[in-house]
Amino acid sequence: MSAIPGDIAVAVSGLENRFGSTTVHQDLDLQVRRGEILGLVGGSGSGKTVLLRSMLLLHRPQAGEIHLLGTPTRSLGRGEEKALRQRMGVLFQQGALFTGLTVKENVSLPLWEHTRFDAATVEDLAMLKIQLAGFPLDAAHLYPSELSGGMVKRAALARALALDPELLFLDEPTAGLDPVSAGAFDELIAELHKLLGLTVIMVTHDMDALWATTHRVAFLGDRRVLAVQPIEQLARNDHPLIKAYFGGSRTAAWRDR
Ligand SMILES: Nc1ncnc2c1ncn2[C@@H]1O[C@H](COP(=O)(O)OP(=O)(O)OP(=O)(O)O)[C@@H](O)[C@H]1O
């Protein structure tokens, strides 16, 4: 395949993912530009999470190539894969914090694992990320079970930012939050994106988040990416699957504002 331009953070080409007789992706292509916030949408079961996991190198596709930050990943050795993973942060839907660790310990963990900083530096960096994620510093000693849904998301975001990632993956970041908390989280993502120059890839069903934060949105359907467009254009795209998705009463309300 030809060289990947420097302004492309993630390039997926010819991706194929199958589970038994079910083909989830076939000949799927997607390019994510450096510094953009890209939304990933599609009907339930269209393969958004499997695509996310493929890009995170957590799922190995049957065919295709994924370039991450200019590096082809198909034949990476363990060491190279680990190094690349450290340049990516991820916020999973449930937050996925370790329940037996406090927020500060959760955020410190990647720093202990992947750096040789001393204890004081790890603590300083963890507290900085906790603050960046808008989590109250005086609650950093709490355990996940003591947090509200919005606080769990912020704590998990702080952990995702621990190693200063260039690429940030968000899986349904506002799912389960009330509208006010979800709106605040959208603003936080937009601010961090600007402040840290992150490339953000966000799977979401949340129309508010799509309209408020994304530069472009990729639509998954029919086992591939059917379109990548700014949301204003995508919501008016004539492809039957896209039309059906945005034609629902909840999404149409946004489109027709
Ligand atoms: N580990 C697995 N084993 C078997 N099938 C799987 C596995 N992971 C995903 N699938 C299947 O792949 C398809 C796509 O799943 P995926 O979770 O990526 O969809 P999605 O677009 O994220 O859906 P949703 O919006 O409902 O979360 C589904 O049919 C799912 O059952």
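**Before selecting anything**

The model is predicted: local features require a pLDDT of at least 70 and side-chain atom pairs a pLDDT of 80 or more, whereas totals for chains, interfaces and linings use all residues. Residues are numbered from 1 along each chain as its sequence is written, and side-chain values rest on heavy atoms, with hydrogens and water left out.

**Stop 1: the whole protein**

Display the protein as a cartoon. Ten helices and ten strands are present; helices (H or I, at least four residues) and strands (E, at least two) are DSSP runs, numbered from the N terminus. The radius of gyration is 18 Å, close to the 18 Å that the globule rule gives for 257 residues, so the protein is as compact as a globular protein of that length. That radius is taken over C-alpha atoms, and the globule rule is 2.2 Å times the number of residues to the power 0.38. Along its principal axes, the C-alpha trace spans about 55 × 45 × 35 Å.

Next, colour by accessibility. Of the 257 residues, 50% count as buried; buried means under 20% relative accessible area, exposed over 50%, and partly exposed in between (1.4 Å probe, protein chains only). With the surface shown, the protein exposes about 12200 Å², of which carbon and sulfur atoms supply 51%. Accessible areas come from the Shrake-Rupley method with a 1.4 Å probe, and for residues only the protein chains shown count as cover. Among contacts (heavy atoms within 4.5 Å) with a separation of 6 or more, 64% are between residues 24 or more positions apart.

**Stop 2: the ligand**

The surrounding residues are Phe19, Val24, Gly43, Ser44, Gly45, Ser46, Gly47, Lys48, Thr49, Val50 and His205. Helix 1 (residues 48–55) gives the most to this shell, with three residues. By class, the shell has three nonpolar, seven polar and one charged residues. Here Ala, Val, Leu, Ile, Met, Phe, Trp, Tyr, Cys and Pro count as nonpolar, Asp, Glu, Lys and Arg as charged, and the others, Gly among them, as polar.

Now display distances from the ligand. One of its oxygen atoms is 2.9 Å from a polar backbone atom of Gly45, and an oxygen atom of the ligand is likewise 2.9 Å from a polar backbone atom of Gly47. An N or O atom in the side chain of His205 is 3.1 Å from a ligand oxygen. The protein covers 55% of the 630 Å² of accessible area that the ligand has on its own.

**Stop 3: helix 3**

Select residues 103–114, which form helix 3. Its buried residues are Val103, Asn106, Val107, Ser108, Pro110 and Leu111.

Then select Thr99, in the loop between strand 6 (88–91) and helix 3. Thr99 counts as exposed, at 66% relative accessibility. Not counting residues up to four places away in sequence, Thr99 touches Tyr143 and Pro144. Thr99 and Ser145 are 46 residues apart in sequence, yet 7.0 Å apart in space, C-alpha to C-alpha.

**Stop 4**

Select His193 in helix 6 (residues 179–196). His193 counts as buried, at 13% relative accessibility. Its side chain reaches the backbone oxygen of Gly35 at 2.6 Å. Beyond neighbours within four places in sequence, His193 is in contact with Gly35, Glu36, Ile37, Leu198, Val200 and His215.

Move to Arg216 in strand 9 (residues 216–221), which is buried with a relative accessible area of 11%. A polar contact of 2.8 Å joins the side chains of Arg216 and Glu36. A polar contact is a pair of N or O atoms within 3.5 Å; within protein, one must be able to donate a hydrogen and the other to accept it, and residues adjacent in sequence count only if both atoms are side-chain atoms. Leaving aside neighbours within four places in sequence, the contacts of Arg216 include Gln31, Val32, Arg33, Val228 and Pro230.

**Stop 5: two positive phi values**

Select Asp164, in the loop between helix 5 and strand 7 (167–171). Its phi is near 55°, a positive value in a residue other than glycine, and Asp164 is exposed, with a relative accessible area of 55%. Finally, select Glu172, in the loop between strand 7 and helix 6. Glu172 has a positive phi of about 50° although it is not a glycine, and Glu172 is buried, with a relative accessible area of 10%.

Methods
Near = heavy atom within 4 Å.
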